[in-house]
Amino acid sequence: MFPLWKQRTVSRNNSRSRNNSRYVAIILSTCLLIVECIIAGNTTLIHTAHAATFIPGTTAITTYHTNNQRTGNNTTETTLTLNNVNSNQFGKRVTYPVDGQVYAQPLVVPNLTINGTAHNVVFVATEHDSVYAFDADQTSAVAPLWKTSFLTSSNVTTVPPADVYTRYGTPPDISTEIGITGTPVIDPTTKTLYVVAMTKENGSQYIQRLHALDSTTGQEKPGSPVVIQGSVPGTGYDASNGVVSFYAKQANQRSGLLLLNGVVYITWAGFSDTDPYHGWVIGYTYNGTSFQQASVYNDSANGGEAGIWMGADGLAADASSNIYAISGNGDYNLNTGGPNAGDSFIKLSTQNGVSLADYFTPFNQLCLQNDTDLGSGGAFLLPDQTGTAHPHLIIGSGKEGRIYVIDRDNMGHFTNDPNLACGTNEINKATIDNIVQEFPPNTLGEFLSTPTYWTNGTSQWVYFGGSGDTIKAFQLNNDL
């Protein structure tokens, strides 16, 4: 079993990366598929690796990082070994051209019937607002099985980065155009692919829509798409008459979508901290004929920022239908009973809409607000542990390069440090927070991706790839 997804980005408040190659390479060894999207240039924009055996169909990869726990672990992959992954029988099979940069993870559905024939299908979404379905078994770049574009008329375009990246003078994270950024999610039961596309229309309107595509044809399903909207009560920096409303222009949909109990959950952050933006979580149901908004949550309703982007990771979900996120830099007052949750691990109940159920905030949160986002990286839920004091753990990291091991049943909230002074050695302590385990800063390079989990049945390992750092493996031992 190999990690299924690796991503390296350099970022401020989404994936900071520049370049513009537009190809999807499919690498195949016997029954194994690896999809590799490379955007080449002066530096690496995105390098992703993703593997699955085609038979049985349970090996489909329908969501970011393999599953809703975001472990990146494909437990049905048993063919890849150190012996058969070699230069003689393992390598690039075919390269398909696409029409834009690829920031979303490709998804894989084996044995999907399209036009009366079963195919092993790779789905790819681009910043040019297109979704492709490719046959993974070809050895030359034949036409895609289908392609859908959301640029439906001359009045509808992708979003120029200069329109939304205005806070800093550095080049934008998404350098050419903005369309589809977050990883879609597929419901294999209904054969529905859900994807969020951003467009600029009639020269001045910025719109984000949730689409429900038939994964066998690429066509919109009945009642699709829906224009994303939402509002919550609040006194935030962009509030009007006590209401904070979703602002599509400055909302960066970077994280992967989550499908949980029939609800598609979507999150947003900002475009390199260009105000105004918030950390939104909005959920929609789809009944085959129409969308219905199921929930709206804002993690900085009485303030601003605190985007949820997590280095492209999606919201994680546990067996009790709680969902988990890590927020970026922004306003904070959870410790005094307020709703602002900047730089925090947050646990959200989905019992009645979405509401805060628990949280953890580092003791040095005040010092993280200067672009040292806790939420620059994603987190995953460790499989339930047995015979330990903390059977339910979440593990993640951020720009400080600390690793946090947190009990999901008692996340620790915020611990005040009366000696805290930003810029001093006090901020480097790893013994103040009330959590299971914490590493000091710079244990990893700036973390901008998602940890990956692996077990051989007796031992458990977690892998991290920090920016400018080597890949590091940590072994689990009695919750630590």
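1. Contacts across the chain. Take the contacts in the protein chain with a separation of 6 or more: 61% of them are between residues 24 or more positions apart. Keep in mind that this is a predicted model. The protein chain has 31 strands and two helices. Of its 480 residues, 60% are buried. The accessible surface comes to about 17700 Å², and carbon and sulfur atoms own 48% of that.

2. The largest core. Which residues have the most contacts inside the largest nonpolar core? They are Tyr265, Val281, Leu315, Ile323, Phe345 and Ile406, in a core of 33 residues. The elements that give two or more residues to this core include strand 16 (258-260), strand 17 (263-268), strand 22 (345-349) and strand 23 (355-361). Strand 20 (316-317), strand 21 (323-326), strand 24 and strand 26 are on that list too. Strand 21 supplies the largest share of this core, four residues.

3. Tyr265 and the second core. Leaving aside residues up to four places away in sequence, Tyr265 touches Leu257, Leu258, Leu260, Val281, Ile282, Gly283, Ser295, Leu315, Ile323, Thr350 and Val354. There is also a second, separate core of 23 residues, with Val226, Leu257, Trp280 and Phe291 among them. Note that Leu257 turns up in the Tyr265 contacts and also in that second core.

4. Tyr324. Strand 21 is also where you'll find Tyr324. Is Tyr324 buried or exposed? Its relative accessibility is 3%, so Tyr324 counts as buried. The side chain of Tyr324 makes a polar contact with the side chain of Asp318, at 2.7 Å. Beyond residues up to four places away in sequence, Tyr324 touches Leu315, Ala316, Asp318, Ile346, Lys347, Leu381, Ile394, Arg408 and Met411. For Ile394, which sits 70 residues from Tyr324 along the chain, the C-alpha separation is 8.8 Å.

5. Strand 26 (residues 403-407) runs antiparallel to strand 28, and two bridges join them. Within that pairing, Tyr404 stands opposite Glu438 in strand 28.

6. How many residues of strand 7 (residues 130-135) are buried? Six of six. In a regular strand the side chains alternate between the two faces of the sheet. In strand 7 both faces are covered, with Ser130, Tyr132 and Phe134 buried on one side and Val131, Ala133 and Asp135 buried on the other. Strand 6 (residues 117-125) runs antiparallel to strand 7, joined by five bridges, and Val124 has Tyr132 as its bridge partner. These two strands form a hairpin with four residues between them, and Asp129 in the turn has a positive phi of about 60 degrees. Strand 7 also pairs with strand 8 (residues 146-149), again in the antiparallel sense, over four bridges. There, Val131 has Thr148 as its bridge partner.

7. Aromatic pairs. A search of the whole structure turns up 18 aromatic pairs. Take Phe123 and Trp146: the ring centres are 5.9 Å apart and the planes are at 50 degrees, so this pair is tilted. Because Phe123 lies in strand 6 and Trp146 in strand 8, the pair ties together parts that are 23 residues apart in sequence. Both residues, Phe123 and Trp146, are buried. Phe246 and Trp268 form an edge-to-face pair, 4.8 Å centre to centre with 65 degrees between the planes. Phe246 lies in the loop between strand 15 (243-245) and strand 16, and Trp268 lies in strand 17, so this pair ties together parts that are 22 residues apart in sequence. Phe246 is buried with a relative accessible area of 11%, and Trp268 is buried at 0%.

8. An aromatic cluster. Which residues form one aromatic cluster? Tyr194, Tyr284, Tyr286 and Phe291 do. Phe291 is also one of the residues in the second core of point 3.

How values were computed
Residues are numbered from 1 along each chain as its sequence is written. This is a predicted model: local features need pLDDT of at least 70, side-chain atom pairs count only at pLDDT 80 or more; totals for chains, interfaces and linings use all residues. Side-chain values use heavy atoms; hydrogens and water are left out. Two strands pair if DSSP finds at least two bridges between them. A nonpolar core is a set of buried Ala, Val, Leu, Ile, Met, Phe, Trp, Tyr and Cys residues joined through side-chain atoms within 4.5 Å. Buried means under 20% relative accessible area, exposed over 50%, partly exposed in between (1.4 Å probe, protein chains only). Contact means heavy atoms within 4.5 Å. A polar contact is a pair of N or O atoms within 3.5 Å; within protein, one must be able to donate a hydrogen and the other to accept it, and residues adjacent in sequence count only if both atoms are side-chain atoms. Rings of Phe, Tyr and Trp (its six-membered ring) pair if their centres lie within 6.5 Å; planes under 30 degrees apart count as stacked, over 60 as edge-to-face and the rest as tilted. Accessible areas come from the Shrake-Rupley method with a 1.4 Å probe; for residues, only the protein chains shown count as cover.
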